[in-house]
Amino acid sequence: MEQIAMERIWEYRIKYNPGRGHAAVNSYHYFNATTAHEAYIFETEMRKHRDQHYQIISIERKCPYSNLWIDETKDAVTND
């Protein structure tokens, strides 16, 4: 049986806050995506659809082996 090559889907979390006056209150959105850039695209589309305005602080990928979050913010936004 021939195997089909597929990209791995990772769990990403995007840390954000509403900005000025609420900078101490951080929240998260979670996405399943193949790359950090794809998670960033999902986030921006959702933000446009809901007409929300906030600042993105970081984009992190969960490592299933160490159970830690790896910062991939630079990879996500440099491709934009």
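**Architecture and side-chain contacts of the predicted model**

Arginine 47 touches Gln52, Tyr54 and Ile56 when residues up to four places away in sequence are not counted. The residue belongs to helix 1 of a structure that is a predicted model. Arginine 47 is buried yet takes part in no salt bridge. Its nearest side chain of opposite charge is that of glutamate 43, at 5.5 Å, whereas a salt bridge requires a side-chain nitrogen of Lys or Arg within 4 Å of a carboxyl oxygen of Asp or Glu.

The secondary structure of the chain consists of two helices and four strands, arranged along the sequence in the pattern β-β-α-β-β-α. The C-alpha trace spans about 60 × 30 × 20 Å along its principal axes. Of the 80 residues of the chain, 34% count as buried. Among contacts between residues at least 6 apart in sequence, 46% join residues at least 24 apart.

The four strands form an open sheet in the order 2-1-3-4, with antiparallel pairing. Strand 2 (27-33) and strand 4 (68-71) are the edge strands, each of them pairing on one side only. On average, and with direction ignored, neighbouring strands of this sheet are turned by 35 degrees against each other. Strand 1 (residues 10-17) and strand 3 (residues 55-63) run antiparallel and are joined by six bridges. Within this pairing, tyrosine 16 has isoleucine 56 of strand 3 as its bridge partner. Helix 1 (residues 36-50) packs on the sheet, where it touches strand 1, strand 2 and strand 3. The direction of helix 1 makes about 125 degrees with that of strand 2.

The largest nonpolar core comprises 13 residues, of which Tyr12, Phe31, Ala36, Ala39, Ile59 and Ala76 touch the most other members. Strand 1, strand 2 and helix 1 each contribute at least two residues to this core. For alanine 36, the contacts beyond its neighbours within four places in sequence are with Tyr12, Ile59, Glu72 and Ala76. Three of these partners, Tyr12, Ile59 and Ala76, are themselves listed with alanine 36 among the core residues that touch the most other members.

Charged side chains were examined next. In general, side chains of opposite charge can pair when their charged atoms come close. A search of the whole structure finds two salt bridges. In one of them, glutamate 60 pairs with arginine 13, the closest N and O atoms being 2.5 Å apart. Because glutamate 60 lies in strand 3 and arginine 13 in strand 1, the pair ties together parts that are 47 residues apart in sequence. Glutamate 60 has a relative accessible area of 12% and is therefore buried; arginine 13, at 16% relative accessibility, also counts as buried.

A salt bridge is likewise formed by glutamate 72 and arginine 61, with 2.6 Å between the closest N and O atoms. Glutamate 72 is placed in the loop between strand 4 and helix 2 (73-78) and arginine 61 in strand 3, so this pair ties together parts that are eleven residues apart in sequence. At 13% relative accessibility, glutamate 72 counts as buried, and arginine 61 is buried with a relative accessible area of 15%. Glutamate 72 is also one of the residues in contact with alanine 36.

Backbone geometry was considered separately. Most residues other than glycine have a negative phi. Aspartate 51, although not a glycine, has a positive phi of about 55 degrees. Aspartate 51 is found in the loop between helix 1 and strand 3, and its relative accessibility of 58% means that it counts as exposed. Asparagine 67 likewise has a positive phi, near 60 degrees. The residue is located in the loop between strand 3 and strand 4, and asparagine 67 is exposed, with a relative accessible area of 51%.

Methionine 6 is situated in the segment before strand 1. Its side of the chain was examined for accessibility and for distance to threonine 34. With a relative accessible area of 72%, methionine 6 is exposed. Methionine 6 and threonine 34 are 28 residues apart in sequence, while their C-alpha atoms are 9.9 Å apart in space.

Notes:
Residues are numbered from 1 along each chain as its sequence is written. This is a predicted model: local features need pLDDT of at least 70, side-chain atom pairs count only at pLDDT 80 or more; totals for chains, interfaces and linings use all residues. Side-chain values use heavy atoms; hydrogens and water are left out. Two strands pair if DSSP finds at least two bridges between them. Axes are lines fitted to C-alpha atoms, for helices over the stretch in contact, and angles run from 0 to 180 degrees between N-to-C directions. Contact means heavy atoms within 4.5 Å. A nonpolar core is a set of buried Ala, Val, Leu, Ile, Met, Phe, Trp, Tyr and Cys residues joined through side-chain atoms within 4.5 Å. Buried means under 20% relative accessible area, exposed over 50%, partly exposed in between (1.4 Å probe, protein chains only). Lys and Arg count as positive and Asp and Glu as negative; His and the chain ends are not counted.
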